[in-house]
Amino acid sequence: MIVGVPKEVKDHESRVGVTPAGVHALVGAGHTVLVQTGAGDLSAFTDDEYQAAGAEIVGGAYDVWRLADMVVKVKEPVEKEYQYFRPGLLLFTYLHLAPLPGLTEALLEKKVTGIAYETVRDRAGSLPLLTPMSEVAGRLSVQVGAEYLQKKNGGRGLLLGGVPGVPPGNVVIIGGGIVGINAAKMALGLGAKVTIVDLSLNRLRDLDDIFNGRVFTLASNPYNIARAAAEADLLIGGVLIPGAAAPKLVTAAMVSKMKPGAVVVDVAIDQGGCIETARPTTHTDPSYVVDGVVHYCVTNMPAAVPNTSTLALTNATFPYVMKLAESGADAAIKADEGIAEGVNTYNGTLTYKAVAESQGKDWQPVAELVA
């Protein structure tokens, strides 16, 4: 198979889909890897390293997309990349289609097989390719929140950990999943008071055990969320429904009652956000203010730390890249239910129920389509 690795073009997206180590393994297995010039530079992987590993360095994105059987990326294609789509192309990347009907239509129209990192499942039913970036984003959300709480950035001028004689800041995390648990680790490490809100009482019990009672746990309902948001100095949104648009659990009315200079970080913004006042931002223009509350809603947060993020992501994605390269898409989909779960579009048909429901489209299970 010819595997293409284009340079990411989303604003300040500095990760790369395959590392030199991955190229070495693919080439060793008899595959050809085309890497666009400079694709790994911002993740600290040079063209020379890729070439030494056996990659062919290609000057432009057009040739990578045109020649590749499978394109491996990090982020969903942006509009200027839609021109590269063609029938028979296998695209393996984060897609986050639910809030992106334009991208969905483009993939369907050009009959691209789109396998989304965020919906691939393993044998335990978890989301192995979403987990590493959720870990990074969860930890980063507290770093970012602490920075934006500084007065120069529009925040309350508050030190999350406090000092002797001055109480710590109050961090409220909506969602007790991978994002939430990693955000809590960082916030506790800084000395903040931490509250995690989740719908599952069993999850709250687990979190109480994990953190040995050091976090406050709160059952999710509108009343509790409103009270917690009003008390928060830093509010982190980390709710995920795989493949679907995130529910708006924090309303605009709740945000309007938050403290002036409080900070919101909506990690769920890739799926539309779980905070009603959240809208996608970029690393170039990352924040804005609503009702005196600073909002940070960058859709590719882990790109701020691309070396760590690329290594963490490719540790998880590469076994799937190799399986797809060795077997081809159809055989891999038939042989591996987890990969089948990752298929969002197949030969012009939408194949993921949650995306279809979010966009009001028809869908069909991929198992019914693969010969």
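G261 is buried, with a relative accessibility of 7%. Keep in mind as you look around that this is a predicted model.

**Around G261**
- G261 sits in the loop between α9 (252-256) and β11 (263-266).
- Along the chain, G261 and Y148 are 113 residues apart, while their C-alpha atoms are separated by 8.9 Å.
- Setting aside neighbours within four places in sequence, G261 is in contact with L149, G154, G155, R156 and G292.

**The annotated pair, R15 and K75**
- An unreviewed UniProt entry places the feature "binding site" at R15 and K75.
- Look for R15 in the loop between β1 (2-5) and α1 (20-28).
- R15 counts as buried because its relative accessible area is 3%, under the 20% cut-off.
- Not counting residues up to four places away in sequence, R15 touches several residues, among them E8, A39, K75, M133 and N300.

**A nonpolar patch on the surface**
- L159, V163 and V166 form a nonpolar patch on the surface, and together they have about 270 Å² of accessible area.
- V163 lies in the loop between α5 (131-148) and β7 (170-174).
- With 43% relative accessibility, V163 counts as partly exposed, because that class lies between the cut-offs of 20% and 50%.

Notes. Residues numbered from 1 in each chain as written. Predicted model: local features only at pLDDT ≥ 70, side-chain atom pairs only at ≥ 80, totals over all residues. Heavy atoms only, no water. Patch = residues over 30% accessible without salt bridge, like charges linked within 9 Å, V, L, I, M, F, W, Y side chains within 5 Å. Areas by Shrake-Rupley, 256 points an atom, 1.4 Å probe, with all protein chains shown as cover. Salt bridge = Lys/Arg side-chain N within 4 Å of Asp/Glu carboxyl O. Helix = DSSP H or I, 4+ residues; strand = E, 2+ residues; numbered from the N terminus. Buried < 20%, exposed > 50% of the residue type's maximum accessible area, 1.4 Å probe, protein only. UniProt positions renumbered as here; feature names shortened; annotations may be inferred. Contact = heavy atoms within 4.5 Å.
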